[in-house]
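Here is a short briefing on one chain. Look over the sequence and the coordinates, then read on.

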Amino acid sequence: MQSVVQLNSGIKPKLHSTGKANPSVALPTPEQQCQMMEGTIATQFKTIAAAEQGTFSVLPLDPDVA
């Protein structure tokens with residue numbers, strides 16, 4: 001198994017951590033987290049209902065954009 005790692009070590013891209021929290025940015029409050037979750041779930045239900053009716057669209061339906 002070591003030989004495989006050595007062979008592939010120069011092929012893969014170098015990865016950098018992007019998951020670190022920025023200490024200067026305030027974390028959302030528990031209330032804000034709850035609102036975000038509720039909004040996400042509500043959007044999922046609206047999307048499912050629209051898909052069932054055949055009115056679901058991936059692109060925004062903006063009359064000014066054509």
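Helices here are DSSP runs of H or I with at least four residues, numbered from the N terminus. With that in hand, α2 is followed by G54, whose phi is positive, near 80 degrees. The model is predicted.

**Fold and surface**
- The chain has two helices and zero strands.
- Its accessible surface is about 6,700 Å². Carbon and sulfur atoms account for 62% of that area.
- Of the 66 residues, 2% count as buried.

**Helix α2**
- Helix α2 covers residues 30-53.
- Its 24 residues should span 34 Å, because each residue is taken at 1.5 Å. The end C-alpha atoms lie 35 Å apart, which agrees.

**Nonpolar patch**
- M37, I41 and F45 form a nonpolar patch on the surface. Together they have about 340 Å² of accessible area.
- I41 sits in α2. I41 counts as partly exposed because its relative accessibility is 42%, and that class runs between 20% and 50%.
- In an α-helix, residues three or four places apart point the same way, because there are 3.6 residues a turn.

**Confidence**
- The average pLDDT of the chain is 74. At least 70 is reached by 59% of the residues.
- Residues 1-7 stay under 50 in pLDDT. For them the model has zero contacts beyond four places in sequence.
- Where pLDDT is low, the predicted coordinates should not be read in detail.

How values were computed: Residues numbered from 1 in each chain as written. Predicted model: local features only at pLDDT ≥ 70, side-chain atom pairs only at ≥ 80, totals over all residues. Heavy atoms only, no water. Patch = residues over 30% accessible without salt bridge, like charges linked within 9 Å, V, L, I, M, F, W, Y side chains within 5 Å. Areas by Shrake-Rupley, 256 points an atom, 1.4 Å probe, with all protein chains shown as cover. Salt bridge = Lys/Arg side-chain N within 4 Å of Asp/Glu carboxyl O. Buried < 20%, exposed > 50% of the residue type's maximum accessible area, 1.4 Å probe, protein only. Expected span 1.5 Å × (residues − 1). pLDDT = per-residue confidence, 0-100. Contact = heavy atoms within 4.5 Å.
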